[in-house]
Protein chains: 2
Amino acid sequence: MSGPPFRRVAIYGLGLIGGSIGLALKARWPGVQVMAIDRPHVVDSAIRMRVADAGGDTLSVASDADLVVLAAPVLQNVAALARLAGDLHGRVVVTDVSSTKRTVTEAAAGLPERIAFVGGHPLSGAAVSGIEAARPDLFADRPWILTGTERVPSAAVEALTDFVLGMRAIPRLMDAVEHDRVLAYVSHLPQLSVSALMHVVGLGAGEEGLALAGRGLRDTTRLATSPAATWRDIVATNGDNIASALDELIAALQHIKAAAAAAPADIDDLFVSAARWKGVLEHR
Amino acid sequence: MSGPPFRRVAIYGLGLIGGSIGLALKARWPGVQVMAIDRPHVVDSAIRMRVADAGGDTLSVASDADLVVLAAPVLQNVAALARLAGDLHGRVVVTDVSSTKRTVTEAAAGLPERIAFVGGHPLSGAAVSGIEAARPDLFADRPWILTGTERVPSAAVEALTDFVLGMRAIPRLMDAVEHDRVLAYVSHLPQLSVSALMHVVGLGAGEEGLALAGRGLRDTTRLATSPAATWRDIVATNGDNIASALDELIAALQHIKAAAAAAPADIDDLFVSAARWKGVLEHR
């Protein structure tokens, strides 16, 4: 069993992801000191749940950390990055867990050289939120993307890679621009279209109509309870890619509408393509 | 245990639904005679699987049936209805299992009075197809809609209600026009938007991008393997309702696109509405 790549880890934002990182750290390397930064009642929960050893409500709690993990929503992480140089005095590695990577990468460009920032995105795929739902195996066998690794010393990348492996996740290096483009398709468009679909279906069918729905609609709309707060930040920081993906979906829906009006067999190509990609998704 | 409402039942179209009706009939009333009408190799399978006792490839097989169940795709059922009066000579009850109800109801309007037609739609919600997937409990505890019951003698409605209860389903009387409007929302729009989504996501992300997808996308796209053939007929016979529902979904997606460009908080209302309707769907 190798030693921990970091000995004092500060986690900013103790929700599902931040809390699960604390639990996974303690499970893998019990000796690592974990500091929680959040509102006082959340820090209390983190300490009670053994997610963290100590904490506080300002970034100064992280002053002697060798790793800082920004685990708040994207725009809060960006705001924290701007204050970081004033609160952290020595050499330190900083990462985040935001769902978009360009905005946070741009914000990190202004940091002094002693602060090595690498973007991170654990693809945990949980539909719940809050520290109460945290669990040490949240990241097990799931990809954990690291971006901007070429801009920092290789020792920092190696240490972060060990950290990700300690979370039992699969590290994947990726460009921040490509990350945001691909995630618009595999994560952002599905969430936004499911929320739009559930809204339209509920309004159109009403309570009585929904009583006729089967398992198909239930599975299709599993993501429909996702909180707006998380998605507001994602929409704000990946608007261009999301707009392109939405345009493509709207075009496909308009194609179906035209088929319904004039030539039903025109839906065939789209159904064949969908079934083919579903096969790729399930059997890769 | 009450006696069977029908003693000789002909099933036209032995796919998942027709096959499961045969199995459920034999399970509930072993003495009922079941005749299968389909291509010869499908009839052979039906007899081998004990779905039916005998069969053939023309409607004349149903000549002495007291119930005929049309279980082919909608437009084939409509074509069969037009030939029915020539093939069936006595008093008979006819029903169907089509996913849309207006077209088949209109086609039945021209039948002689001795043929009592009631539209049917078992909401079984299975994502597989073909007689091989047939099972006797496919309809258990699921709604089975009956339409146009006011146009036929009450004895026919009572017998069909007993038949539906024998399938272990929950009979629900409904107007054909309202059926098609509501089903456009709870079934047709979800299927069509999922096929469009999987097509767009696959093309945009590619095989490598799909490797980053989580359980969210998998659940959302469970329906993406549905066969085009079934949906072509549904699109052809419910085009107006489907077009309205598609327009509403497109408007919601355009609202999100505008929010992404200018005011991310504008997605909040839609997320709140979606979460509320998802709650109604899951907890009614």
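**View 1. Strand S4 (residues 67-70) and strand S5 (residues 92-96) of chain B pair in the parallel sense over four bridges.** Strands here are DSSP runs of E, at least two residues long, numbered from the N terminus, and two of them pair if DSSP finds at least two bridges between them. The bridge partner of B:Leu70 is B:Asp96 in S5(B). This is a predicted model, in which local features need pLDDT of at least 70, side-chain atom pairs count only at pLDDT 80 or more, and totals for chains, interfaces and linings use all residues. Residues are numbered from 1 along each chain as its sequence is written, while chains are lettered from A and ligands numbered from 1 in the order in which they are written.

**View 2. An open sheet of eight strands in chain B has mixed pairing.** The order of the strands is S3-S2-S1-S4-S5-S6-S7-S8, and the edge strands, S3 (54-56) and S8 (170-174) of chain B, each pair on one side only.

**View 3. Helix H10 (268-283) of chain A meets helix H6 (residues 176-210) of chain B.** Helices are DSSP runs of H or I, at least four residues long. The axes, lines fitted to C-alpha atoms over the stretch in contact, with angles running from 0 to 180 degrees between N-to-C directions, come within 8 Å and cross at roughly 40°. That makes H10(A) oblique to H6(B), because angles under 35 degrees count as roughly parallel, over 145 as roughly antiparallel, 65 to 115 as roughly perpendicular and the rest as oblique. Among the residues that meet here are A:Trp277 in H10(A) and B:His199 in H6(B), where contact requires C-beta atoms, placed from the backbone, within 7 Å.

How values were computed: Two residues are in contact if their C-beta atoms, placed from the backbone, lie within 7 Å.
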